[in-house]
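Please consider the following model with its sequence at hand.

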Amino acid sequence: MSFIISTQSELLKTKRTAAFWLSMIGAAFIPAIFFLVYLLNSKKMILQFKMMPWEQHFGLGWNSLNSFLLPMYIILICAMIPQIEYKNNAWKQVFSSPQSTAEIFFSKFLTVHLMIILALLLFNVFMLLAAVVPNLIYKGYPFLHSKIDWQSLIRLNIKSYVSLLGISAIQFWLSLRFKSFIGPVGIGLALLIGSIIATGFDWEHVSKIPYAHPVLTLRSLAAERMSKPGTAHPFLQNHEWNSLGYFVFFTLLGFFDLRYRKEKG
Amino acid sequence: MSTFTIETQSLNYSFSKEQKTLQDVNLKVEEGSIYGFLGPNGAGKTTTLRLLLGLLTKQEGTIEIFGKEISQHRLAILKNVGSLIEQPSLYSHLTAKENLEVYRKIYGAGKDRISTVLKLVDLENTGKKKAKQFSLGMKQRLSIAIALLHAPRLLILDEPTNGLDPNGIIETRELIKKLNKEHGVTIIVSSHILAEIERMASHVGIIHKGKLLFQGTLPELQHLKNKQSFLQIDTSNNDAAYQLLVQNFAAEKGAGLLKVPVNTKEEAAAINRTLVQNGIDVHLLQPQQNDLEQLFIDITSNN
């Protein structure tokens, strides 16, 4: 019960902050571009979407999302939530209130994840709208009379979420460590760029780099589609298990780092 | 069980190996008192208060609040403690009400407490104004409102009047007195200004360079002050006067004058009579009182 109260308190703190708007705008960014392309370039796009329109639409959307925007969003949102305390000099009040360190740490981390889940849900909704609304204007689009493979879409969502867990735990730990915003964001961005290069080169250890995991999830899903029909695929790939491992390790590290800090607030 | 709301024993703390920030601090704060925690900047006031709240991990000694050891009963103790440490900790993007709401449920306070404490600190009409638009005085008052949300038994206030204009200082002081008198809240309030403490505290602790130099009631501090009253005397023959007064009155020579400690008016009269009866003309007989300000400076500079 007191953990729920701590989380409510954390959510209230995000009211009117950039963290909330970042989740909205981050989720809307790619669908908005798609929407404009579908409206302004309808002739070409209608031709392109003749076959499997929803698969193409969502495939393109998630590809753009997972490669850069999603990890970047995780880096930013993980930094923004602890920054609410640093910026307002409020850690001391938080630690002087009757909440255990576990309640403080995990309610904040849960808030980060609620934001991430909100952003992912909104992304799906905006992607749907980005296809449906142009279709209402240009009847040539096939979206309205094609079926969406909901099962695949949900699977894609869950696997992408799993693939970003590792990054979230590392970035949250860094963001609690650093007083400044620029520290964790700079480190995160450097690691993200490094992992993009590593993915580009198909480095054999790329599945061990958490910042590459969202892209690897998309690649593995693409590979599944190319494989022979009827082949069994495990729900989680190796890199996704790695992501879960990083998540557990860095969440615990972050918690104990905060728990045993000598000077709080 | 101790009878004190706060009791520390042999509290030692150091941030680095070379320098001790606190040395053997034995704080005793009686229930129902306003304890003025006085010391120059950097004396160890904030360190002590942070230790009381568990914001710093205790290194040596014991801290008991409400008769319970802080390291074992921290959360239970904090449920009955309100605090304000240094600058206000407000969420600048939230309104006064929202700032209180952030902490209301954590302390298990009822919804009505929000309007009660806002009224108490005279901030009930700030409406949709965000905390960042508040003046420093308003921010400080809102911070006190947060500290009062759960009607705590103990308030820990670190320099609550720092940076306030004279009006804000008076308002804060009156609020502290009112809380103590009408709500029976025990308050420990730190300051580096003696006059400030004199005007509201019932008890005083003076800390300097990490050591507690004085601890007692305000009258006890004033008594100490009286002990330090003396007469400045100038005569036609200071050497002879010194000889006369050194034995019975513990006179001292200094800067062409004599200094004689006195406690009563009668003593001053007796000194004068002694001098006149021995044929010494008295040119100057001036009572000098160490005011508390001077005493504070003396206490903190002697060590």
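**A guided reading of the model**

B:Gly44 is placed in the loop between strand 4 and helix 1 of chain B. Helices (H or I, at least four residues) and strands (E, at least two) are DSSP runs, numbered from the N terminus. The model is a predicted one, in which local features need pLDDT of at least 70 and side-chain atom pairs count only at pLDDT 80 or more, while totals for chains, interfaces and linings use all residues. Residues are numbered from 1 along each chain as its sequence is written, and chains are lettered from A and ligands numbered from 1 in the order in which they are written.

With 24 C-beta neighbours inside 10 Å, B:Gly44 counts as buried. A residue is termed buried if 20 or more other C-beta atoms lie within 10 Å of its own, exposed if 12 or fewer, and partly exposed in between, the C-beta atoms being placed from the backbone. Leaving aside residues up to four places away in sequence, B:Gly44 touches B:Thr21, B:Leu22, B:Gly39, B:Ile207 and B:Gly210. Contact here requires that the C-beta atoms of two residues, placed from the backbone, lie within 7 Å. B:Asp281, by comparison, is 237 residues from B:Gly44 in sequence and 51 Å from it in space, C-alpha to C-alpha.

Helix 1 (residues 45-53) of chain B lies across strand 4 (34-38), strand 7, strand 8 (154-158), strand 9 (186-191) and strand 10 of chain B, and runs at about 145° to strand 8 of chain B. Such angles run from 0 to 180 degrees between N-to-C directions, with axes fitted as lines to C-alpha atoms, for helices over the stretch in contact. An open sheet of six strands in chain B has the order 7-8-9-4-10-11, with mixed pairing. Strand 7 and strand 11 (211-217) of chain B stand at its edges, each with a single partner strand, so one side of each has no neighbour in the sheet. On average, neighbouring strands of this sheet are turned by 15° against each other, direction ignored. Two strands are said to pair if DSSP finds at least two bridges between them. Strand 10 (residues 203-208) and strand 11 of chain B pair in the antiparallel sense over six bridges, and B:Ile207 stands opposite B:Leu212 in strand 11 of chain B.

A further set of pairings involves strand 5 of chain B. Strand 1 (residues 4-13) and strand 5 (residues 60-65) of chain B are antiparallel and share five bridges; the bridge partner of B:Gln9 in strand 5 is B:Thr62. Strand 5 of chain B is also joined by two bridges to strand 6 (residues 68-69) of chain B, again in antiparallel fashion, and B:Ile65 has B:Lys68 in strand 6 as its bridge partner. Strands 5 and 6 of chain B form a hairpin with two residues between them, and B:Phe66 in the turn has a positive phi of about 55°, although B:Phe66 is not a glycine. B:Phe66 counts as buried, with 20 C-beta neighbours inside 10 Å.

Positive phi occurs also at B:Glu86, a residue other than glycine, where the value is near 50°. B:Glu86 lies in the loop between strand 7 (81-84) and helix 3 (96-104) of chain B, and is partly exposed, with 16 other C-beta atoms within 10 Å.

Where does chain B touch chain A? In the contact between the chains, 23 residues of chain B meet 25 residues of chain A. Helix 2 (70-78) and helix 3 of chain B are the elements that give two or more residues to the chain B side, and helix 3 of chain B provides the largest share, four residues. By class, the chain B side has 13 nonpolar, six polar and four charged residues. Ala, Val, Leu, Ile, Met, Phe, Trp, Tyr, Cys and Pro count as nonpolar, Asp, Glu, Lys and Arg as charged, and the others, Gly among them, as polar.

Within chain A, the axes of helix 2 (residues 18-40) and helix 4 come within 10 Å and cross at roughly 170°. Helix 2 of chain A is therefore roughly antiparallel to helix 4 of chain A, a term for angles over 145 degrees. The contact has 14 nonpolar, four polar and no charged residues.

Definitions and conventions: Parallel < 35°, antiparallel > 145°, perpendicular 65-115°, else oblique.
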